[in-house]
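This briefing looks at how two chains meet and then at one residue inside one of them. Have the sequence and the structure open while reading.

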Number of protein chains: 2
Amino acid sequence: MSTVDKAISLLDLFSIHAPELGLAEIARRSGFDKATTRRLLLSLARHGFVEQDPSTRHYRLGAGLTRLARIREARFPILQTALPFIRELSVATSETVHLAEAVNGSLLTVLVEHPARANRVNVDVGEYLPLHSTASGIAYLSHAREEEVKEALGRPLAAYTSRTLTEPAAVLREIEAARVRGYSVMDQGYEDGVVSVAAAILGSGGSAIGTLAVAAPLVRTSKAAAAERGRAVAAAAREISERLSGEDFNVLKSRASA
Amino acid sequence: MSTVDKAISLLDLFSIHAPELGLAEIARRSGFDKATTRRLLLSLARHGFVEQDPSTRHYRLGAGLTRLARIREARFPILQTALPFIRELSVATSETVHLAEAVNGSLLTVLVEHPARANRVNVDVGEYLPLHSTASGIAYLSHAREEEVKEALGRPLAAYTSRTLTEPAAVLREIEAARVRGYSVMDQGYEDGVVSVAAAILGSGGSAIGTLAVAAPLVRTSKAAAAERGRAVAAAAREISERLSGEDFNVLKSRASA
DNA sequence: AAATAAAGGTTCAAATAATGAACCTCCGGA
DNA sequence: TCCGGAGGTTCATTATTTGAACCTTTATTT
């Protein structure tokens with residue numbers, strides 16, 4: 001593990017639920033020596049990736065990240081493009097809508113819109129989504145390069161619930177079904193009592209660069225409701241893909257095989 | 001310079017104007033060896049801080065940054081809080097409005113709203129603002145800790161235009177005037193033909209954590225127009241400060257001296 | 001179609017930077 | 001006042017980083 005990896009892995013300790021951490025805690029969680037941890041934090045702080053609260057001396061993520069994220073957004077405006085659609089979907093379905101981006105063959109939740117109701121599915125920004133057991137993952141794989149699919153299904157597939165598909169062949173059938181249908185459906189594959197639908201957002205190369213998903217409690221999800229959400233999410237994903245690339249969705253899809 | 005610093009400094013090579021760079025170019029600009037540069041980029045890519053375009057092989061900033069930036073935003077919602085005010089100010093003034101955050105005693109532009117007119121001031125997201133020669137910088141220093149002011153004015157002050165104040169005493173007078181007035185005014189101190197007004201956003205500790213500014217061409221900036229923008233920007237900054245900390249602005253201000 | 005140039009990528013002995021046990025100080029309970 | 005735990009620092013030991021030289025691919029020129 002390189003020093004750089006160690007430094008960045010410290011950033012991964014921060015989350016929505018643990019936004020501020022002390023030196024001792026960071027050292028404990030990372031497993032690095034206190035001196036090492038501090039030196040890494042100082043490097044990160046020098047670039048605004050973390051900042052230290054002057055009174056508590058705890059560390060938190062810094063504004064330098066915001067700066068870089070916005071530079072990325074300026075060229076790759078996934079968030080801005082998707083935001084109105086996410087809002088609209090959330091209002092139309094009254095369910096949780098979330099956007100994930102592909103990073104290194106993983107899916108990363110970058111934006112979540114929760115409906116204003118008590119019984120809803122909660123998804124956290126910053127969460128990684130397993131590819132084989134979430135609607136988002138299946139939608140992603142249905143438009144990923146062949147070798148990415150192989151790699152994702154090549155390793156042991158964790159069973160999150162009793163319904164999680166852990167057989168590569170079964171997952172492949174879901175992927176194929178999603179490709180034909182235009183959206184994926186995951187019935188309690190990641191969490192009991194949660195049914196999600198998702199569709200892939202395609203980049204100019206024709207393969208998936210992210211996914212859009214609607215997650216709802218089982219009790220509100222009839223077959224018909226799932227199908228309706230599926231169509232809505234697919235339509236939104238198509239529109240987002242076209243706005244991002246400036247090209248027709250069918251042209252994008254055809255490019256993947258080339 | 002630690003390895004971590006080197007890796008992060010690579011990220012700083014990317015900007016709005018150079019969002020994608022090849023390996024050779026990154027090596028050239030950073031001054032690191034090609035092999036070193038590549039190893040660092042691989043580490044960054046492993047965490048989604050950069051990604052490589054499969055076709056051009058060029059590197060660009062990655063979605064992992066977005067993830068961390070959003071985790072920060074969840075705890076420190078400066079952007080979300082400020083966004084509506086920035087929009088409103090931009091519409092009301094028909095001029096460029098920008099938000100900067102304090103990072104390591106520097107000011108970093110994190111959000112810009114440009115008006116829809118031909119002759120306007122352009123500010124780039126990701127730009128660092130000098131403290132002694134911009135309205136934002138003066139506004140920031142007018143609510144910074146004494147030692148920060150000393151450090152900012154202790155080094156040689158660059159003259160960006162013939163009107164830039166390069167005498168610490170003169171800058172201090174501006175800082176004092178801004179503190180009394182509630183906003184700062186910078187008449188062509190950073191760029192000829194540009195007049196800006198700015199106000200500080202205060203954190204719960206009572207000192208400035210960022211600034212809000214309106215930048216306009218000289219030709220549209222009468223004394224009266226500047227004063228009006230100044231009052232507007234000060235009112236917005238006050239409101240943003242109160243929403244962020246949940247405390248009264250005067251209470252916040254008084255806390256600084258404590 | 002051969003030649004050239006420039007980019008991306010890889011290797012391994014030499015050089016340099018990272019490591020962590022031990023130490024210090026400060027703070028809030030008991 | 002003593003204690004435990006926090007943040008922070010030091011420096012000989014240790015492990016990682018470095019870069020010149022090399023290969024491969026791709027685009028451009030002759």
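Between chain B and chain A there are 22 residue pairs in polar contact, both residues of each pair being at pLDDT 80 or more. The model is predicted.

**The interface between the chains**
- Six salt bridges are counted between chain B and chain A.
- One salt bridge joins A:Arg46 to B:Asp5, with their closest N and O atoms 2.3 Å apart.
- Chain B brings 48 residues to the contact, and chain A brings 49 residues.
- About 4400 Å² is buried between chain B and chain A, and 66% of that lies on carbon and sulfur atoms.

**The side of chain B that touches chain A**
- Several elements of chain B give two or more residues to this side, among them helix 1 (3–11), helix 3 (34–46) and strand 5 (106–113).
- Helix 4 of chain B gives the most to this side, with 12 residues.
- Sorted by class, this side of chain B has 26 nonpolar, 12 polar and 10 charged residues.

**A:Val97**
- A:Val97 is part of strand 4 of chain A, which covers residues 96–103.
- Is A:Val97 buried or exposed? A:Val97 counts as buried because its relative accessible area is 0%, and the cut-off for buried is under 20%.
- Beyond its neighbours within four places in sequence, A:Val97 is in contact with residues including A:Ile86, A:Leu111 and A:Leu212.
- A:Val97 and A:Ala215 are 118 residues apart in sequence, yet 6.4 Å apart in space, C-alpha to C-alpha.

Key:
Residues are numbered from 1 along each chain as its sequence is written. Chains are lettered from A and ligands numbered from 1 in the order in which they are written. This is a predicted model: local features need pLDDT of at least 70, side-chain atom pairs count only at pLDDT 80 or more; totals for chains, interfaces and linings use all residues. Side-chain values use heavy atoms; hydrogens and water are left out. Helices (H or I, at least four residues) and strands (E, at least two) are DSSP runs, numbered from the N terminus. Buried means under 20% relative accessible area, exposed over 50%, partly exposed in between (1.4 Å probe, protein chains only). Contact means heavy atoms within 4.5 Å. Buried area is the accessible area (1.4 Å probe) that two parts lose on being put together, summed over both. A salt bridge is a side-chain nitrogen of Lys or Arg within 4 Å of a carboxyl oxygen of Asp or Glu. A polar contact is a pair of N or O atoms within 3.5 Å; within protein, one must be able to donate a hydrogen and the other to accept it, and residues adjacent in sequence count only if both atoms are side-chain atoms. Ala, Val, Leu, Ile, Met, Phe, Trp, Tyr, Cys and Pro count as nonpolar, Asp, Glu, Lys and Arg as charged, and the others, Gly among them, as polar.
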